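I opened this entry to keep track of what I looked up in the structure.

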Amino acid sequence: MATSSKTDLFVFGAHGQKPLHEHVTPHKVALLALIFEYCEMKKRDTTVPMVGIGHQLPGYMYQKFTETEKRDFMTSILKLLQSPDLSLKELLEQVQSILQPTLLDNFTDRLREFYMEGVLPFMDFFQELQRILQPSESLPDPVIVGSSVLGLFLRRMIHAFDKLSFSQVTKLYTRYKDYYEAFNTPLAAEESDNFGGSLIDSITSQCGLGKLTRSGLAKSYDPSNLGEGKFGEFEGGFYSHKQAEYFISRQGFLLQHNESEALPPTKLQDKITDMLKSNPDIAEAHFLSYLNNLRVREYCTAVHNLYHYFDRNNTLSGGNAMQVSSKNREEDNISRRYAALNLAALHFRFGHRDESLAALREAISMAQETNDHVCLQHALSWQHRIEEPGSARTASLMAQSIGKSLDLSLPNITSLGIQALARHNAFATAKPASVFDFLLKSDILNCQHSQSHFMCVSYAQKGALWNLYGKRENSSMSSQLVLNLDTSDSGIYHNGESVCISLCDMARHFSDQGHYTAALEIINTAKQRFPSHTQHAHIWMSCEQEIQFDKTLLNRNWTATDQAVNNLRGLDEDEACLRSAILNKEKGDIPTALNSLHNLMEKYRQNQSKYTPDYPCRVLLTLAELYIQTGNHTSALSHVLDCLTHAKEHHLQYIIAIATVHLAFVQFQMKLPEQALKLLHTQMVQILSHGSVYDQARTMYCYARCQVAANSNSPPKERKTALLLAVNMIATTVIEKFKKIDASLRVKDATYYLARLYNELGYTSERNKCAYQFRQLDLQYPTQNRVIVNAL
């Protein structure tokens, strides 16, 4: 969402529109009764006045109410004043736990009196309300100060009631009866009266029955016959103007900071529809609907709401074309600029790059005509994101944006620009030290301006970059920092994309270490924090399918692995294609796998900017593994060297280490174990420090086999020492690591090799034990093709 520092889309009343009048509704009558009975109870036991919300209370301790009870009552009343109209059942459920039994009885008796006695108690009640706001002989100070929150509410309601004619008061009473009967039927009221019971008994007995529905509330309130003039045209009426303002600002804040705390998309859209029936002049409701449709990627409705918001905004700010002031013209021009900017963001979100650039150029043109530098900076920050990534022009745009944003004191755009430039440099072969130096500057700026959201983004980006460079432990630490930051704002903790990415990064970390249960628990946490209807849910969905793929691939559960690939295809097509090729390779379908991998490399060459630097390396390593398993060492060597070249160019240390292990394995297959050992020595620390359990196990297995092969012509004593070292490494480390990740086929392979080593050493009992274990494993996991035998 693009906004100006001078214009806040959720600040109301900025365009000169007249706020709607307050309307007396059954729900507000119930609130007035509750406030009145509370004041009456306090007056009976003390002469110290209650000065209302927003004013400091005297230091006396009242006999009837403790400080906790007073605080709970005030905060609950404030929440009810800001919320839309509730049914009687919903109101009682919210206040029953905080009210003393006596006050609750008095409140329900008052509601029952309104229902039983007719219109006259209604009119007398509003006369009594005026006494609370006026001083008397016994109370020289008013019970509620007229300028307090409660005082303003009472004055508005008294004024609205005084404007009603007698026929309108009668209709209001009729609606109140429907409101009351929706929860308390006449039969229940009569039984309560006949048996001498309090109405609170029937209310308490029905709190869990759920008789009241939204249709009952709608029946109880029909504002089409209340008031005069424009009010008679309204439908619905569950929101006053101020309630609508609070609801929109609250939901807009939640959508930006913690989407899971906001209402679900369908329910929020229903609330917006109800709100617009009673407040059709609130243009911001259409923008909230636009944000809501972006959550579920509803393109047509999002565009419609965006257009409707700015059209309605201009209409309210403009008025008659002959009477438009220069100030209104300026507001209209600002609105048009930001309309184009938001439209560009909308198209970009849906992948419409050309349409997004066209809308962005229009916004830039209008901003240049009026020298709106703030709008230009917003547009520039979008331009370097929309245009071709990775180019020199993009880097130049980023640098310009950062410099100008600093001059204009726009810390949010500056921070995002620095982070975007760091990402660009990381993908453009810059040294890691310079990349993290940029992110450090962003961290300093975020701390200076308390931008917790951008702190999360910065740490999440650090975690991604550490993972890219092969420092998995550093990546895990950065992700944990994101999850442990104090990001509370107005009691709401930031729960955005960076948090979901960090959770998934931790899940992958646990999965790589063989802790699949812990990994899936973290995924379940992400599911709870980012339900399936939220816009970031696809992140944990992809992560979950990738973890399932890795787990089921190792234990040869082809059905589950194929299902994971199909599920992933709807979330990340390129990743699904690569994993499908890996699956076909493991199944022994070499032609299909080879064709898929070559197609992926061709797609990468045609549009390199679309992919991260590690993606082609993963494709090349998969191709190398395929050629290794088919015995084509020359082709495998070529792809491994290409992978090493690309990885060194982008400083991908972990991929360099894995590619070196593949190169060592090729040399081992070509009867060059001494050279293979030298290569393995150079990368062993990197893999054991930051590698997954699977990579550690197969690296150590390769090292043991190279060690045995290198000493094949050594003297018997040295040969035996090498065999014992290999046996110890395989028996205590390699097999245990393969078991930890459920790689049963690899356990079988290592057990077979261990039996041969025991046989050469002359350890008959150990050899027989390994042979028996191999036979049991072979029955459970038979070797279905010869390709897997030659795997690294």
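**Helix pairs and a cavity**

α3 and α4 are roughly antiparallel to each other, because their angle of about 165 degrees falls in the class over 145. I note here that the model is predicted.

I wrote down the extent of both helices: α3 covers residues 88-95 and α4 covers residues 101-117. Their axes lie 12 Å apart. I then looked up the handedness, and α3 passes α4 in a right-handed crossing. On the α3 side the contact is made by Leu88, Leu91 and Leu92, and on the α4 side by Leu104, Phe107, Thr108 and Leu111. I sorted this contact by class and got 6 nonpolar residues, 1 polar and no charged ones.

**Entry on α5 and α6**

Next I took α5, residues 119-132, with α6, residues 149-162. The two helices pack at about 140 degrees, and their axes are 10 Å apart. That angle makes α5 oblique to α6. The crossing of α5 past α6 is left-handed.

Which residues of α5 and α6 meet? From α5 I listed Phe122, Met123, Phe126, Leu129 and Gln130. Their partners in α6 are Leu154, Met157, Ile158, Phe161 and Asp162. By class, the contact of α5 with α6 holds 8 nonpolar residues, 1 polar and 1 charged.

**Entry on α29 and α31**

I recorded a left-handed crossing for α29 and α31.

On the α29 side I found Asp614, Cys617, Leu621, Glu625 and Ile628. These meet Ile655, Ile658, Ala659, His662, Phe665, Val666 and Gln669 in α31. The contact of α29 with α31 divides into 8 nonpolar, 2 polar and 2 charged residues.

**Entry on cavities**

How many cavities of 30 Å³ or more are there? I counted 4. I followed up the second largest cavity, which has a volume of about 40 Å³.

I listed the residues that line the second largest cavity: Tyr38, Phe65, Glu69, Phe73, Ile98, Leu99, Gln100 and Leu103. By class, this lining has 6 nonpolar residues, 1 polar and 1 charged.

**Recap**

- α3 with α4: roughly antiparallel, with a right-handed crossing.
- α5 with α6: oblique, with a left-handed crossing.

Technical notes:
Residues are numbered from 1 along each chain as its sequence is written. This is a predicted model: local features need pLDDT of at least 70, side-chain atom pairs count only at pLDDT 80 or more; totals for chains, interfaces and linings use all residues. Side-chain values use heavy atoms; hydrogens and water are left out. Axes are lines fitted to C-alpha atoms, for helices over the stretch in contact, and angles run from 0 to 180 degrees between N-to-C directions. Helices (H or I, at least four residues) and strands (E, at least two) are DSSP runs, numbered from the N terminus. Angles under 35 degrees count as roughly parallel, over 145 as roughly antiparallel, 65 to 115 as roughly perpendicular and the rest as oblique. A crossing is left-handed if the near helix is turned anticlockwise from the far one by less than a right angle, and right-handed if clockwise. Contact means heavy atoms within 4.5 Å. Ala, Val, Leu, Ile, Met, Phe, Trp, Tyr, Cys and Pro count as nonpolar, Asp, Glu, Lys and Arg as charged, and the others, Gly among them, as polar. On a 1 Å grid over the protein atoms alone, a cavity is a set of points where a 1.4 Å probe fits but cannot get out, and a pocket is an open set with protein on both sides within 12 Å along at least five of seven lines; lining residues have an atom within 4 Å of a point. Grid points are joined across faces, edges and corners, and a volume is the space filled by probe spheres set on the points.
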